[in-house]
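Okay, thanks for making time, everyone. Let me put it up.

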Amino acid sequence: MNTQVNASNKNQFKRTMKTRHLIMLSLGGVIGTGLFFNTGYIIATAGAIGTIIAYLIGALVVYLVMLCLGELAVAMPETGAFHTYASRFISPGTGYTVAWLYWLTWTVALGSSLTAAGLCMQYWFPSVSVWIWCLIFCIVIFKLNIITAQFFAESEFWFSIIKVLTIVIFIIAGAAAIFGIIPMKDNMPAPFLHNITDNGWFPNGITPIIMTMVSVNFAFSGTELIGIAAGETQQPEKTIPLAIKTTILRLIIFFIGTIFVLAALLPMEQAGVIKSPFVTVFENIGLPYAADMLNFVILTAILSAANSGLYASGRMLWSLSNQGTLPKCFSKLTKDGIPAFAITMSMLGGLLALLTSVIAPNTVFVALTAISGFAVVAVWLSICASHYFFRKQLSTTEQNTLKYKAPFYPLVPILGFILCLIACIGLAFDPQQRIALYCGIPFVIVCFIAHHFTQTYQKRVTKYDQ
């Protein structure tokens, strides 16, 4: 069933990641800017109850997608994962497009993360230029990725531990403040559940829940890193299902718990105008050194996202090269099993994204970030479709030999696909997010055209060589 066979051992990834690495890699990819920043926008748009419902639907979508990816990744544990599955079970052009969408997602995130990390450091060192910090963090993240996969996984494990502990502390302290166990700042009365109930269940109707689904899915994005790392994981048939189960369970607890605390402590009209709802909550609770603590956690979240982003984007370029759609230099590995050239090119892509955020923030960078948001849902659509066609082509005997099977086939991939499609359609109803369709759909078309010409060129080269 495992179809990834390289020409020599020199081009093989080393299986050095353990279960704890995979779980924290997935958690670390998710707990980031989506949770720390986007939640304010969603609460202000959909209301407290609407936001909780939106995140519950988002958790369901993630679970369905991860069940599909889990079966594929255990059957075929390949580095590059879902784009190779899309190539095999949908079409080569779809796989090519999915790979570039995902590469762009993480590359844009990498450029944004470097800038944001520099701004975080300026809070403590206002006299030092942001660009100096960007350069320092660029070198650090590159070093973490270029040494060994295990070194990367270990660094991401500790980044994620800090974020997880912060979320746990936030939920406990916030819950205590909600019910008056911890006093609010300036003798403010305990809010109890007034902020959740005062505006009614759906203050702006049901439509905002659909409109914000892409934002919710974006907040959950990163869980699919389990599939990216499948080719470098020890005992994938045991590790991947366990990582999926524990990751989804923790995400639901962390996200829904966090949203409940935020919605209870922040009035709906206040949530949408602040940069991060966490800042106001920490300040209102009156925790000592709240601003410094939060700044450190956000810095950790940003560096974690950059770390994961460089890892994912580098593996995507390697996988494209391994399939013959990029030059062979991208698929060369070091003696430690690292695609050094692919990682270097991805880092340069991140730096270009960083430059566009300064030189053309209202044109090029806006288009890149819009495509990024669209790409997450497009990738999930491809995972569900790949799983559906994968299982459909197997005989009963082959299905019985699968080491991990997603339950309730074909309901799981079909329902996952439909919910992701609804999220895409929801973009059209939100003027602030509609640009994702305007930029994302043309980008997809360009990728399909580029793949056609790439394949034509390859056939000519092959015919010439013969």
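I'll start with the overall numbers, then go through the cores, the surface, and some local details.

First, a reminder that this is a predicted model. What's it built from? We've got 20 helices and zero strands. The protein has 466 residues, and 57% of them are buried. For the surface, the accessible area comes to about 19500 Å², and 69% of that belongs to carbon and sulfur atoms. On contacts, take the ones with a sequence separation of 6 or more: 81% of those are between residues 24 or more positions apart.

Thr39 is buried, by the way, at 0% relative accessibility. The other pair is Ala149 and Ile338: 189 residues apart in sequence, 7.0 Å apart C-alpha to C-alpha. Ala149 belongs to helix H7, residues 149-178, and it counts as buried because its relative accessibility is 5%.

Now the inside. Generally speaking, nonpolar side chains in soluble globular proteins tend to be buried together. Here, the largest nonpolar core has 91 residues, and the members that touch the most others are Tyr55, Phe82, Tyr102, Phe220 and Trp380. Which helix gives the most to this core? That's H3, with 18 residues.

Let's zoom in on Tyr102. Setting aside neighbours within four places in sequence, Tyr102 contacts Phe82, Glu224, Leu225, Ile228, Ala312, Met316 and Val379. So who else is around Phe82? Well, Phe82 is one of the buried residues of helix H4, together with His83, Thr84, Tyr85, Ala86, Ser87 and Phe89. H4 runs over residues 82-89, and because seven of its eight residues are buried, it's largely enclosed by the rest of the structure.

Helix H10, residues 213-220, is mostly covered too, with seven of its eight residues buried. The buried ones are Met213, Val214, Ser215, Val216, Asn217, Ala219 and Phe220. Just after H10 you'll find Gly222, with a positive phi of about 120 degrees.

One residue I'd like you to click on is Glu71. Is it buried or exposed? At 0% relative accessibility, Glu71 counts as buried. Glu71 is in H3, which spans residues 38-75. Beyond residues up to four places away in sequence, Glu71 touches His387, Phe390, Arg391, Leu402, Tyr404, Lys405 and Ala406.

Trp201 comes from the loop between helix H8 (194-197) and helix H9 (207-211). With 58% relative accessibility, Trp201 counts as exposed.

Tyr409 and Pro410 are joined by a cis peptide bond, with omega about 5 degrees. Pro410 lies in the loop between helix H18 (396-400) and H19. Phe408 is in the loop between H18 and H19 as well, and Phe408 has a positive phi of about 55 degrees although it isn't a glycine. Phe408 is also exposed, at 65% relative accessible area.

Last stop, the cysteines. How many disulfides does the structure have? A search of the whole structure turns up zero. Cys138 is buried, at 10% relative accessibility, whereas Cys329 is partly exposed, at 31%.

That's my tour, so over to you for questions.

Methods: Residues are numbered from 1 along each chain as its sequence is written. This is a predicted model: local features need pLDDT of at least 70, side-chain atom pairs count only at pLDDT 80 or more; totals for chains, interfaces and linings use all residues. Side-chain values use heavy atoms; hydrogens and water are left out. Helices (H or I, at least four residues) and strands (E, at least two) are DSSP runs, numbered from the N terminus. Buried means under 20% relative accessible area, exposed over 50%, partly exposed in between (1.4 Å probe, protein chains only). Contact means heavy atoms within 4.5 Å. A nonpolar core is a set of buried Ala, Val, Leu, Ile, Met, Phe, Trp, Tyr and Cys residues joined through side-chain atoms within 4.5 Å. A disulfide is a pair of cysteine sulfur atoms within 2.5 Å. Accessible areas come from the Shrake-Rupley method with a 1.4 Å probe; for residues, only the protein chains shown count as cover.
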